[in-house]
Amino acid sequence: MKRLLLGINPWLPVFAFVTMFHTMRGSTVDAIIFGTGTALLIADWKKLIPWHMPERPKVSPWVIAAVIAVSASVLFFSERAGWQDFVLFFVLAPVALVMVYYRDHGPKPSATKVMNRTKWIWVTLALFMAVSELFAYIFANVYKDDTTYPTVSILIHPYLESNWGRAIFLTVWMLIGVGLLRITRGRR
């Protein structure tokens with residue numbers, strides 16, 4: 001078993017579980033997104049795709065600002081789930097994949113106590129949120145009540161109905177991603 005797991009991307013089981021979960025709940029689009037991610041991780045693990053992963057991409061802050069502005073404008077000026085949303089998704093998905101799927105090259109600094117503690121705080125918070133969201137979903141399905149213990153999607157749904165809400169949410173979401181990835185030119 002240990003030999004089987006050697007070289008496996010740690011995100012593969014997470015993506016596979018999320019794919020199964022979305023398939024079971026009947027969310028076809030989410031299942032396709034995470035299923036594609038699972039297939040790509042398996043293909044990389046089994047070396048079915050002959051490619052050399054590049055170093056972490058560096059992008060000008062002006063390019064990032066332009067992409068965010070155009071994306072937010074598309075969501076602001078289009079109807080929710082309109083054809084423009086799908087075009088935007090299919091344009092941004094490959095770009096996002098290139099931005100997040102890279103290998104770090106060169107020497108890595110060892111983790112300090114603060115870095116380790118911070119890592120475990122974030123892991124604990126992420127697991128707590130994931131289990132809480134799963135519980136809320138199961139609770140809503142069993143009791144046919146999504147107001148007592150609502151999922152995050154139920155909470156943000158009213159805001160995403162407005163064009164302003166969609167544009168602001170996308171902008172904040174993309175800025176969080178840029179901050180987490182630290183892909184702006186000149187930052188290490």
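What is the relative accessible area of Glu 161, and is the residue buried, partly exposed or exposed?

Modeller: Glu 161 is partly exposed, with a relative accessible area of 45%. The model is a predicted one, and what follows should be read with that in mind. Side chains of opposite charge can pair when their charged atoms come close. Glu 161 takes part in such a pair: its side chain meets that of Arg 80 in a salt bridge, at 2.7 Å from N to O. Because Glu 161 lies in the loop between helix 7 and helix 8, whereas Arg 80 lies in the loop between helix 4 (61–77) and helix 5 (83–100), the pair ties together parts that are 81 residues apart in sequence. Arg 80 is itself partly exposed, with a relative accessible area of 37%.

Ala 81 is found in the loop between helix 4 and helix 5, and its phi is near 65°, a positive value in a residue other than glycine. Most residues other than glycine have a negative phi. Ala 81 counts as exposed, at 53% relative accessibility.

The side chains of Asp 85 and Arg 166 meet at 2.9 Å, N to O. Asp 85 belongs to helix 5 and Arg 166 to helix 8, so this pair, too, ties together parts that are 81 residues apart in sequence. Both partners are buried: Asp 85 has a relative accessible area of 15%, and Arg 166 one of 6%. By contrast, Glu 161 is partly exposed, as is Arg 80.

Two packed helices are described by the angle between their axes and the distance between the axes. For helix 7 (residues 152–160) and helix 8 (residues 163–181), the axes come within 7 Å and cross at roughly 120°. An angle of 65 to 115 degrees would count as roughly perpendicular, and one over 145 as roughly antiparallel; helix 7 and helix 8 are therefore oblique to each other. The residues that meet are Ile 156, Tyr 159 and Leu 160 from helix 7, and Gly 165, Arg 166 and Phe 169 from helix 8. By class, this contact has four nonpolar residues, one polar and one charged.

Lys 144 is exposed, with a relative accessible area of 72%.

The axes of helix 2 (residues 12–25) and helix 3 (residues 28–45) come within 8 Å and cross at roughly 150°. Helix 2 and helix 3 are therefore roughly antiparallel to each other, and helix 2 passes helix 3 in a left-handed crossing. Among the residues that make the contact are Leu 12, Phe 15, Val 18 and Arg 25 of helix 2, together with Asp 30, Phe 34, Leu 41 and Trp 45 of helix 3. By class, the contact has nine nonpolar, six polar and two charged residues. Arg 25 and Asp 30 also form a salt bridge, their closest N and O atoms being 3.7 Å apart. Arg 25 is partly exposed, with a relative accessible area of 35%; Asp 30 is likewise partly exposed, at 26%. In total the structure holds three salt bridges.

Of its 188 residues, 22% count as buried, Asp 85 and Arg 166 being among the buried residues. Its C-alpha atoms fill a box of roughly 50 × 45 × 40 Å along the principal axes. Among contacts between residues at least 6 apart in sequence, 65% join residues at least 24 apart. The bridge between Glu 161 and Arg 80, with which this account began, links parts that lie 81 residues apart, because one partner sits in the loop between helix 7 and helix 8 and the other in the loop between helix 4 and helix 5.

How values were computed. Residues are numbered from 1 along each chain as its sequence is written. This is a predicted model: local features need pLDDT of at least 70, side-chain atom pairs count only at pLDDT 80 or more; totals for chains, interfaces and linings use all residues. Side-chain values use heavy atoms; hydrogens and water are left out. Axes are lines fitted to C-alpha atoms, for helices over the stretch in contact, and angles run from 0 to 180 degrees between N-to-C directions. Helices (H or I, at least four residues) and strands (E, at least two) are DSSP runs, numbered from the N terminus. Angles under 35 degrees count as roughly parallel, over 145 as roughly antiparallel, 65 to 115 as roughly perpendicular and the rest as oblique. Contact means heavy atoms within 4.5 Å. Ala, Val, Leu, Ile, Met, Phe, Trp, Tyr, Cys and Pro count as nonpolar, Asp, Glu, Lys and Arg as charged, and the others, Gly among them, as polar. A crossing is left-handed if the near helix is turned anticlockwise from the far one by less than a right angle, and right-handed if clockwise. A salt bridge is a side-chain nitrogen of Lys or Arg within 4 Å of a carboxyl oxygen of Asp or Glu. Buried means under 20% relative accessible area, exposed over 50%, partly exposed in between (1.4 Å probe, protein chains only).
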